Amino acid sequence: MPWKDTMRRVVRQSKFRHVFGQAVKNDQCYDDIRVSRVTWDSSFCAVNPRFVAIIIEASGGGAFLVLPLHKTGRIDKSYPTVCGHTGPVLDIDWCPHNDQVIASGSEDCTVMVWQIPENGLTLSLTEPVVILEGHSKRVGIVAWHPTARNVLLSAGCDNAIIIWNVGTGEALINLDDMHSDMIYNVSWNRNGSLICTASKDKKVRVIDPRKQEIVAEKEKAHEGARPMRAIFLADGNVFTTGFSRMSERQLALWNPKNMQEPIALHEMDTSNGVLLPFYDPDTSIIYLCGKGDSSIRYFEITDESPYVHYLNTFSSKEPQRGMGYMPKRGLDVNKCEIARFFKLHERKCEPIIMTVPRKSDLFQDDLYPDTAGPEAALEAEEWFEGKSADPVLISLKHGYIPGKNRDLKVVKKNILDSKPTANKKCDLISVPKKTPDTASVQNEAKLDEILKEIKSIKDTICNQDERISKLEQQMAKIAA
């Protein structure tokens, strides 16, 4: 083979070979944040084109911060938080179809869905739009459906996965007998018809949640005992990270139609931090952020050997406690930005910008194919009835301008009302003031209770007043 050909094989052509990462200047960081110290392998941070949300240390409960993106600099200790959970918050996820709606899972066994005011919080938020109760142990994973409105998945340490219709507050699918051990992570595929999971029993499973059946599984996807991760790629393949028997970190690529052998398997290093994968379906790049690492490695996935191509590493001095990943529509296309990370330190959050250097100022359409927009392709009811749809794509040619979001409305079904409501279209979650009759009965009882208490306190005050005036009269006599 001629020398030139071998060279061409060694130096693979890719427009992403020169991607470089850069941390923003200090004044563009979010400072003085007490990042959560909970020992849980989630990313602790979620971002969208409007807000950055960060799980923080909270005394006597669980809380997270929600900051408008422009609110950089030192964050005051008295800055309002989202603090309705009674136990530490373990995972948060922004709704892909409404930039003001965020879900949180907690050690208190509940999932809560919150509506953030358009300009951010001015007071602490303690009342969620809806509380989703169904897990018997702490909830460590929450993940919104990529294309159906108001469909939310949660996974708990009870080894159960529940899929909720947030618009009605109901658990519609409960997968509680598929995992015999702790679920490390859950990932939806591109159109949300399948999920894949990585579990402590070292199995990677591909599950059809509506048929409630396991479509494919691989035992010992990674031999090591430490936590694994599994995510779906746009082409339907599954990418995993884990550890070898010798505790080396590995990454692998699998075809769910034949899970016998991986398409590719690479050993990386012997560090012991769990690798969190972040995937960009538009560019087929995977970014790996190890918890406790101080670097982000990135790889391009192609359909030619060796399939997973190492591109580069962004290194910094400080180790990361967690990481947020901006959806594509939140990036600055004029600066050829292809990814933005929000790296959590012990006391701050530092944005890191990944760019492809280009000389031209024109829109680079090869870097920005149409990407998933904020419009849902399906209503919740349609998905639960069996429909699937790919994301609704938008062009980023003129940048993304966030539109106005509808309020989240939750219409709780009256259990006494047995009329079928499956065909009703459910508007994006918002809470009606009327609640079922049981609630109004409870409210009346509570009101009576309060009135009684007020009356008894008033009676006590009257008695005390009389007693005081008698004592004063006695004092007057003695003094005279």
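Lys203 is buried, with a relative accessible area of 18%. Buried means under 20% relative accessible area, exposed means over 50%, and partly exposed lies in between (1.4 Å probe, protein chains only). This is a predicted model: local features need pLDDT of at least 70, side-chain atom pairs count only at pLDDT 80 or more, and totals for chains, interfaces and linings use all residues. Residues are numbered from 1 along each chain as its sequence is written, and side-chain values use heavy atoms, with hydrogens and water left out.

Lys203 forms a salt bridge with Glu217. Their closest N and O atoms are 3.9 Å apart. A salt bridge here is a side-chain nitrogen of Lys or Arg within 4 Å of a carboxyl oxygen of Asp or Glu. The pair links distant parts of the chain, 14 residues apart: Lys203 sits in the loop between β17 (195–199) and β18 (204–208), and Glu217 in strand β19 (residues 213–218). Strands (E, at least two residues) and helices (H or I, at least four) are DSSP runs, numbered from the N terminus. Glu217 is partly exposed, at 37%.

## Other salt bridges

The whole structure holds 21 salt bridges. One of them joins Arg138 to Glu107, with the closest N and O atoms 3.6 Å apart. Arg138 lies in the loop between β11 (130–133) and β12, and Glu107 in the loop between β9 (101–106) and β10 (110–115), so the pair ties together parts that are 31 residues apart in sequence. Arg138 is partly exposed at 28% relative accessibility. Glu107 is partly exposed too, at 33%.

Glu382 pairs with Lys387 in a salt bridge, at 3.4 Å between the closest N and O atoms. Glu382 is buried at 18%, while Lys387 is partly exposed at 45%. Salt bridges also link Asp32, Arg74, Lys77 and Arg347 in a network.

## A buried strand and its hairpin

Six of the six residues of strand β12 (residues 139–144) are buried, so β12 is largely enclosed by the rest of the structure. Five bridges join β12 to β13 (residues 151–156), and the two run antiparallel. Strands pair if DSSP finds at least two bridges between them. Val142 stands opposite Ser154 in β13.

The β12–β13 hairpin has six residues between the strands. Asn150 takes a positive phi there, near 65°.

## A residue on helix α3

Ile454 belongs to helix α3 (residues 437–479). Ile454 is partly exposed, with a relative accessible area of 40%.
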